[in-house]
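Welcome! Have the model open as you read.

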Amino acid sequence: MFDLVLKNARLVTEDAVRDTTVGVTAGRIAEIAAPGAPLEGTRTLDCSGKLVLPGLIDLHVHFNEPGMTRREDYFTGSSAAAAGGVTLFADMPLTNAPYTLTASDVRDKIDRASRKSVVDFAIWAGFVEDNTAQMEPMAEAGAYGFKMFTCGAGDGFPKPRRNTMERGFAEARRLGAFIGVHGEDQAAMDRNAQGCPSGMEEIDRFLTIHSPDTELSAVRTVLELAERTGAHVHICHASLPESVDMVTEARKRGVTATVETCPQYLLCTDEDLRRIRGPLKCTPPVRNRDAVDGMWQRVFDGALDFLGTDHSPAETGEKTNASFDACWGGINGVQYLFSLLHTEGVVRRGMDIRQLVRLYSAQPARFIGHYPERGTLEPGSEASFVLFDPGAEWTIRADRQLTKHCQTPYDGMRCTGRIEQTWLRGEPVCIYDFDKKRFRLTGRAGAGELVTPVNNKGKAR
């Protein structure tokens with residue numbers, strides 16, 4: 001007798017789509033049998049007409065705890081993640097107070113997430129000018145990786161100087177860890193700002209300051225550092241196909257480098273920014289149509305390692321300010337990545353759904369060193385899965401989110417394909433309520449567990 005049996009289950013992994021009957025025991029997949037096999041379970045879930053996907057993994061979110069919980073916290077953020085099919089997230093070390101720059105900061109965040117998160121979690125640590133000596137203690141405390149900026153990230157999170165970067169990269173290599181980089185060149189941004197005429201429209205000035213050359217310059221610099229030190233560098237939220245190409249070329253030279261992108265860079269353009277304004281403001285900014293199409297080509301070519309949302313929410317007033325300059329630069333989107341990219345990628349562009357599962361489940365699981373425990377559905381894997389209706393037609397409504405503040409640049413977008421249930425280790429966490437047309441949380445705060453890297457040597461591909 002199994003704890004749970006999935007009947008009429010069409011499993012989708014990165015390798016196959018297959019019709020099965022699944023038995024779950026003690027939170028793990030115990031048996032995958034033929035369709036219609038007479039498995040008996042204490043509970044039975046009929047998956048007819050739906051796809052069963054491995055739990056999704058978002059390794060780039062900002063949940064703002066501690067200190068900035070007016071915007072989001074581990075309970076609200078993880079609830080929205082669960083509504084988006086995410087069963088594991090990695091929380092960034094800034095947009096919280098204090099920043100995560102010491103071992104005690106890491107332990108504090110782990111304690112908070114352990115008490116409040118409804119899904120599993122990992123914790124990023126920060127790498128700034130003055131904390132290289134803290135890298136080993138933070139890793140020992142359970143940090144997932146080290147986030148660095150090549151531009152200003154606010155008071156208290158200073159970008160490392162060049163010689164500090166080199167020391168930090170070497171230390172990351174010694175620890176078997178990686179450096180995640182927000183790639184925008186501050187000096188190039190400053191030059192761009194000086195060239196902006198007075199009276200320039202705010203969005204035009206923003207796009208000029210954060211021009212493509214600022215990203216390309218920063219990516220080039222950190223790839224050179226990685227080549228010299230032997231460190232693993234991970235390019236966060238690449239917005240340009242040329243950034244992805246530089247990573248591809250560096251890998252051919254033996255550099256350990258990986259790269260992610262986010263849905264905004266596959267869905268939205270600078271013209272959308274002019275229309276949507278504050279809710280779509282982020283850095284790097286969304287680019288032109290050629291860049292969007294180029295990023296999709298890199299997705300199809302297999303040049304991207306994985307996807308993440310860079311979910312960085314704010315109070316509604318911080319995103320709807322009359323002044324674009326005063327708007328917070330971050331996107332609320334952890335609830336929507338899979339449905340949005342299923343719509344744009346699978347339905348409109350002919351992407352194989354297995355590739356989307358690879359980019360948002362299998363590859364992130366490999367990156368953190370937990371594949372095939374996570375990221376797939378095989379005997380012995382965690383029974384963390386998503387029930388997905390590929391034909392459901394629906395519209396994103398900001399007021400139906402589970403995040404703390406109901407604004408998102410995706411408000412009003414039409415989707416084909418809807419996540420209907422998210423399960424964590426054989427227990428339902430979030431279920432779509434068809435009567436109320438919104439998600440109902442069924443999981444509990446504190447159900448999520450810390451996930452730390454296993455032999456993370458940058459072998460994500």
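This is a predicted model: local features need pLDDT of at least 70, side-chain atom pairs count only at pLDDT 80 or more; totals for chains, interfaces and linings use all residues.

## The largest pocket

Let's begin with the largest pocket, which has a volume of about 600 Å³. Its lining is made up of 34 residues, and the closest to the centre are Leu94, Ala153, Thr283, Trp328 and Gly329. Two elements, β9 (143-149) and α5 (186-194), each give two or more residues to this lining.

If you sort the lining of the largest pocket by class, you will find 13 nonpolar, 15 polar and 6 charged residues.

## The second largest pocket

The second largest pocket holds about 300 Å³ of space. Here 18 residues form the lining, with Trp394, Thr395, Arg418, Tyr432 and Lys437 the closest to the centre. By class, the lining of the second largest pocket divides into 8 nonpolar, 4 polar and 6 charged residues.

Three strands supply at least two lining residues each: β14 (385-395), β15 (414-424) and β17 (438-441). The largest share belongs to β14, with 3 residues.

## A look at alanine 90

Alanine 90 sits in strand β7, which covers residues 86-91. Is this alanine buried or exposed? Alanine 90 counts as buried because its relative accessible area is 0%, and the cut-off for buried is under 20%.

Beyond its neighbours within four places in sequence, alanine 90 is in contact with Asp58, Leu59, His60, Val61, Ala122, Trp124 and Tyr144. Arginine 43 is 47 residues away from alanine 90 along the chain, and their C-alpha atoms are separated by 31 Å.

Definitions and conventions. Residues are numbered from 1 along each chain as its sequence is written. Side-chain values use heavy atoms; hydrogens and water are left out. On a 1 Å grid over the protein atoms alone, a cavity is a set of points where a 1.4 Å probe fits but cannot get out, and a pocket is an open set with protein on both sides within 12 Å along at least five of seven lines; lining residues have an atom within 4 Å of a point. Grid points are joined across faces, edges and corners, and a volume is the space filled by probe spheres set on the points. Helices (H or I, at least four residues) and strands (E, at least two) are DSSP runs, numbered from the N terminus. Ala, Val, Leu, Ile, Met, Phe, Trp, Tyr, Cys and Pro count as nonpolar, Asp, Glu, Lys and Arg as charged, and the others, Gly among them, as polar. Buried means under 20% relative accessible area, exposed over 50%, partly exposed in between (1.4 Å probe, protein chains only). Contact means heavy atoms within 4.5 Å.
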